[in-house]
Amino acid sequence: MTLSLGYHTYRNDSGGSNSGAIYVLYGSGSLNGTTRDLADSSPAELTITGKASSDYLGKSVSGIGDVNANGVPDILSGAWRNDDGGSNAGAVYLFFGSSSRITGTKRAAADSSDMTVVGKSALDELGVSVGGGRNNPGP
């Protein structure tokens with residue numbers, strides 16, 4: 001079981017002021033009665049931080065199903081104020097789940113996400129909202 005939480009802007013500045021973050025918590029069986037404090041220094045098994053200041057990564061997060069058909073759910077998240085395609089063009093990052101349970105801290109960027117889509121031009125605000133589809137069973 002995997003639980004991902006989008007926890008954006010004001011509370012995580014690891015990638016720069018208001019860069020945002022996604023916290024990934026791995027579960028087993030049941031998370032019933034479990035408490036995690038996001039103010040702790042290591043609140044999750046995996047933390048993905050925004051690429052740059054004011055990206056607002058994690059404002060929208062979706063368990064998108066198993067896009068790459070490896071049997072592990074994947075995570076989609078938006079960084080709606082990312083500037084790679086122009087001022088506030090936005091970006092969407094896809095992170096493939098792994099049976100090896102990736103841990104530590106990653107920074108959202110084209111070289112750390114499994115797929116990145118960048119807004120075409122300034123003020124597109126791509127990623128202000130993301131959503132998942134059905135569980136893809138593969139070919």
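The following paragraphs lead through the structure from its overall fold to individual residues.

The structure is a predicted model, in which local features need pLDDT of at least 70 and side-chain atom pairs count only at pLDDT 80 or more, while totals for chains, interfaces and linings use all residues. Residues are numbered from 1 along each chain as its sequence is written, and side-chain values use heavy atoms, with hydrogens and water left out.

The protein chain contains zero helices and eight strands; helices (H or I, at least four residues) and strands (E, at least two) are DSSP runs numbered from the N terminus. Along the sequence, the pattern is accordingly written β-β-β-β-β-β-β-β. Of the 139 residues in the protein chain, 40% are buried, where buried means under 20% relative accessible area, exposed over 50% and partly exposed in between, with a 1.4 Å probe and protein chains only. The protein chain exposes about 7200 Å², of which carbon and sulfur atoms supply 48%; accessible areas come from the Shrake-Rupley method with a 1.4 Å probe, and for residues only the protein chains shown count as cover. Among contacts (heavy atoms within 4.5 Å) between residues at least 6 apart in sequence, 59% join residues at least 24 apart.

The sheet arrangement comes next. Four strands form an open sheet in the order β4-β5-β6-β8, with antiparallel pairing; two strands pair if DSSP finds at least two bridges between them. Its edge strands are β4 and β8 (115–118), each of which pairs on one side only. From one strand to the next, the twist averages 20°, based on axes that are lines fitted to C-alpha atoms (for helices over the stretch in contact), with angles running from 0 to 180 degrees between N-to-C directions. Within this sheet, β5 and β6 run antiparallel and are joined by five bridges. Leucine 76 has leucine 94 in β6 as its bridge partner.

Rings of Phe, Tyr and Trp (its six-membered ring) pair if their centres lie within 6.5 Å; planes under 30 degrees apart count as stacked, over 60 as edge-to-face and the rest as tilted. This rule gives two aromatic pairs. In the pair of tyrosine 56 and tryptophan 80, the ring centres are 5.6 Å apart and the planes lie at 55°, so the pair is tilted. Tyrosine 56 belongs to the loop between β3 (46–49) and β4 (60–65), and tryptophan 80 to the loop between β5 (74–79) and β6 (91–95), so the pair ties together parts that are 24 residues apart in sequence. Both residues are buried. Over the ring of tryptophan 80 sits the charged end of arginine 81, 5.9 Å from the ring centre; the criterion is NZ of Lys or CZ of Arg within 6 Å of the ring centre and within 35 degrees of the ring normal.

Tyrosine 56 also has a positive phi of about 60° although it is not a glycine, and tyrosine 56 counts as buried because its relative accessibility is 10%. Asparagine 18, in the loop between β1 and β2, likewise has a positive phi, near 60°, in a residue other than glycine. At 15% relative accessibility, asparagine 18 counts as buried.

Which residue links these two loops? Serine 19, in the loop between β1 (2–7) and β2 (21–26), is buried with a relative accessible area of 0%. Leaving aside neighbours within four places in sequence, the contacts of serine 19 include Asn12, Asp13, Gly50, Ser54 and Tyr56.
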